[in-house]
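Visitor: Please take one part of this model and look at it closely, with the criteria spelled out along the way.

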Amino acid sequence: MGGSAVSRRLALISLMAIAMIVVPAVTSLPSGISGVKDTGCNCHGTEADPSVTASISGLPSSYNASETYNVTVSFTGGPAIDGNANLGGFNLWVSEGTLATLDSSTQLWGPNEASHTTEGNDQRSWTLEWTAPVSGKDVDFILHTNSVNGNEGDGGSSGDMWAKAQVEVTGFGGELPEADPFKVLATLIVVSSVLLSIVVLYVFYRNNPEGFEWERFAPWITEWLTSTDHKKIGTLYFVQGLFFLGVGGIMALMIRVQLATPGAEFISQGYYNQFFTLHGTTMIFLAAMPLIAGFANWIVPLQIGAPDLAFPRLNALSFWLQPVAALLIFTGVFSGGGADTGWTGYAPYVVTENTHAGVSMWAAGQIMLVASSTLTGINFLTTMAVMRAPGMGWFQMPLFTWSILVANLMLFLSIPAFGVGLIQVFLDRTIGTAFYDVAAGGDPLLWSHLFWYFGHPEVYVVIVPAFGVISEVIATSARRSIFGYKSMVYAMAGIGLVSFIVYGHHMFTSGMSPTLRFVTMLTTMLVAVPTGIKIFNWLKTMHGGSLVYRTHTLWTLGFLVTFTLGGISGMFFPSMALDVHLHETYFVVAHFHYVLVGGTVFGFFAAIYYWYPKMTGRMLDERLGVLHFLTAFISYNALFWPMHRLGVVGMIRRTHTYYITTDDFQALPEWAADWNMLISVSAFLFFASNLLLVVNMIKSLIRGEKAPADPWGGWSFEWMTSSPPPTPSFDPHNLPELKDANEHVANEPSRLGQMFRRLMVDDDASEGGSH
Amino acid sequence: MSADYHDHDDHHPSPWGPHDWGHGAPHNSFSPLIMSIGCGMFLLMLGGLFSFGEYDGRYLPMIFVSLAVIAAALIVWCRQDMSFDGSYEPRAVGVPFKNVQVRKVGVWIFLWSEMMIFSSLFSTYMRYRQGIPRCDTVFESGDWVEGVAVTCFEPASKLIASSWWHIAPGAINTFALIISSFTIVQALRWANKPVGSVDEEVRRKRVYRYLAATWCLAALFLTLKMIEWFIGFHVPEIGFLGLHEHDIHSLYSEGYLINNDHYQAHHYVDEATGAHMVANIQVSASLFYVTTGTHGLHVFGGIVGLTYLTYKAWTGAYNPQSAVSIEYFGLYWHFVDLVWVLVFPFFYLY
């Protein structure tokens, strides 16, 4: 702005001031009216006068987002005398959008309030420009006009009249008003319990259609609600995991419909933010983790020859915390204000009042999940440390059990940091502490550190168990022992170790120290080494064996392809320079879906096909299984592969929509729209193909072929019990024994073990033979 | 989904009542389900009770209902354990822990995660202690404007270590916890004395009295904490000790608060000019209350456990066969003591 403009403005202001002081005779404030939206122009009479008519013209009945309309405000009637210098004025207030002046007869008090100027005080109609909002909400226009006679007595306003006009312009269906969350939650609980009861009753009926008796229902349902049997809890986890895999999948479909075409408004931005946040939280915490916990519950005690887990009742508590936590996490959604922070919940946004109200309960639900994971960790680590059957040393444990051990160790040591961070966020949002309040000196990066200290091990927590499944399946299908058992164990342990010192790569663009960036760049690249060892071992296992192509084998082969691709795209991120370009783009989305879907989900689909006969005693349909694999594998790749390219050309992640028009600042090339449409179509195909799995499982439960104890020719402990296994899984007084050619080595404690022995008080000695 | 339940449902003890520990796992229980619902209700209602520091009393009754649900779950849990006499103490079968009690390994692993929790809290403390300038320093530098809140770090020790009277509750608490670690070990020692070497009635009394002493010391700890945080106390006039009658203010009344509306109460006055520096100490107060509060919650958890142990000891259930339960609790209790030994210097002295 030039100096002349400033001086002109100053001159104008002083002129106005002089006019207001020197000419008190003027009527209808010639310099404009403000703040009369609710009170009315009561300086021109206490009540609006019916002889004056105010009107607004030029408005559409419903508006388009961001379009500009010329609005004309005018009045007729009243005591105004034509030719008078002060014959009328107006004040216009709009609830949404922005007003702009077209000429010097009008002026703005703000983006949503306008009035006449001294110059425009001799008119009966004025024209303004209104730019419609993007929110899609209904817009209120409130107009007050004065009709002024220009007399000089009584402060100049006696005999003047005014009128009010109100117009509502409907939006294009924007956000609904927020409902009372507690009413909605209550409704939700009632509706879902009715649905759940129907499903439960049907399952109870199908369970034994011939011997159906109502007296047997109460003990049956009590058995499921109170069971501490690892197999029943495993099944509950498994059902929960699959259910939320579907819920998260539907959320993903909503996201894909929104992104199918550029500039779409299928769901509003507020809802979009909830969908991607809850898609992430659901898929990681309520789908992937329970699926893993379900298999771990089912298989680990069977594989190590234990009657049950070490703490069966704590195990039940671990499970039951999860559905309750899920309710809390979703509380906000159903009242229109679910968490909108992204699953990472970055500070300081997560603790501000601008977030949706559901963020508090989203944090609370995750605190419960942290408690659940901690209990699970205690349980599994104890079980694997102390309950291996006689003869089974650390290095005789099957690889799936090893993978659960490594995953639980990582989770157990990292999740307390996340829990503490969540508690800080929850307290900030409730009792009003100031851990992440920037104004009070809080440091948002501290949250990132606490979150990613957990978050990075967490992504390995969900992938390492898939490694275990693949190792089991590939060894059984290739009909030989796994190639390089010890190197597999050390590779997993290596991944577990390195996982704690790589998390800085999530924060490269946060301005952290270059030295630390360099360190985490190197350690992140180091992860490729143990992962590569595992992939070569799997290939070598197949090379040395003779592969049987079952459905689970196909999923395993699919895993090897997609996980390797995901691993390779992962190696772009530790490189700092590339990371800055690819940060927050669809390249990241493509990468982690390649490892989490192509890795974890494919791995656990293999696990379903592999262990389902053991769990239920029924075989799955192989033909449906192969169809599921083929359709899912193709649609999956069509779904996620194009995202790499979109990311490289700059399509931003978590964005509500995107544009391909060339005049837009962040426009994508035109072909991006075609790829996005392809992605969305493939997403629906992928979702539909996974329904085949559900159909297959239900069909097999109802009339599947009876499964033998060992349908695939596996040789770990779980195949030596019946299908389904008895309860308790092994007789605690007559445990199985692992015979080994190197028995003398296996049963001798290692160096470390001998050290432990010396440290431990011998409990038998201290009891002095009292029994 | 298998139909195997009717093969063995006759042998299942009630999911509400005492277990028959003779026949091995599994034991059904309603406790986990009830406890989860209680925890969920509690967090939901806490979110209603406070929103960004604003209190809404309508949710208070539901807070008590949810606490009652949690208590009911704990009672079911404990009731099932009352019949446990140590005859079914599972022991490790695999190397390297062979013959060690399974529950002992579990407690050690649990303490590992507790360590991570307090490490995270101390990390937060170190970040802010290092990253935010001290209020004294800012005040002395003169780099502040009258009436504008300055973000600075005010360690609680500035108030607590200002006089012997202020530090008295924390100091007594330190000794209370250390002595309680001794009394819990004495309880274990008496429970562990070989059968025949001691009269059973004497054993019962010794064990439950030592456990009750531990309970009282833990309760003393929490009481003094409340006095130090919220209540304050009165020092009477005692002539021969040279004491004058005066009040020791609580941290709350000294304006050491997390709440946004109240931090203005915390200010520094320049004696010479009379100018006020308003200090925004929300972060320091949050750190102090949440870290010491987390420790306090662990003490409270200990009280809940001790209530069960004391009651069970009163019935005379502890003998060398079952004494190890006291040892597991003792492991946790020593850990809580140890954490206090770290919290005390960092938050009360330095």
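Guide: Two residues are in contact if their C-beta atoms, placed from the backbone, lie within 7 Å. By that criterion, residues 24 or more positions apart account for 66% of the contacts in chain B with a separation of 6 or more. The model is a predicted one, in which local features need pLDDT of at least 70 and side-chain atom pairs count only at pLDDT 80 or more, while totals for chains, interfaces and linings use all residues. Residues are numbered from 1 along each chain as its sequence is written, and chains are lettered from A and ligands numbered from 1 in the order in which they are written.

Chain B is the part to examine. The C-alpha trace of chain B spans about 85 × 60 × 40 Å along its principal axes. Nine helices and seven strands are found in chain B; helices (H or I, at least four residues) and strands (E, at least two) are DSSP runs, numbered from the N terminus. Of its 350 residues, 37% count as buried. A residue is buried if 20 or more other C-beta atoms lie within 10 Å of its own, exposed if 12 or fewer, and partly exposed in between, with C-beta atoms placed from the backbone.

The domain assignment divides chain B into domain 1 (1-83) and domain 2 (106-349); such bounds come from an automatic or database domain assignment. The C-alpha centres of domain 1 of chain B and domain 2 of chain B are 29 Å apart. Between them, four residues of domain 1 of chain B are in contact with five residues of domain 2 of chain B. The domain 1 side of this contact consists of three nonpolar residues, one polar and no charged. For these classes, Ala, Val, Leu, Ile, Met, Phe, Trp, Tyr, Cys and Pro count as nonpolar, Asp, Glu, Lys and Arg as charged, and the others, Gly among them, as polar.

Next comes the boundary with the other chain. In chain B, 67 residues are in contact with 87 residues of chain A. On the chain B side, the elements that give two or more residues are α1 (31-49), β1 (50-51), α3 (102-131) and α8 of chain B. The most comes from α3(B), with 13 residues. By class, this side has 37 nonpolar, 27 polar and three charged residues.

Helix α8 of chain B covers residues 282-314, and His295(B) has its place there. His295(B) counts as buried because 22 C-beta neighbours lie inside 10 Å. Leaving out residues up to four places away in sequence, His295(B) touches Val339(B), Trp340(B) and Val343(B). The C-alpha atoms of His295(B) and Ile167(B) are separated by 18 Å, and the two residues are 128 apart along the chain.

Of the 771 residues of chain A, 50% count as buried. Among contacts in chain A between residues at least 6 apart in sequence, 81% join residues at least 24 apart.
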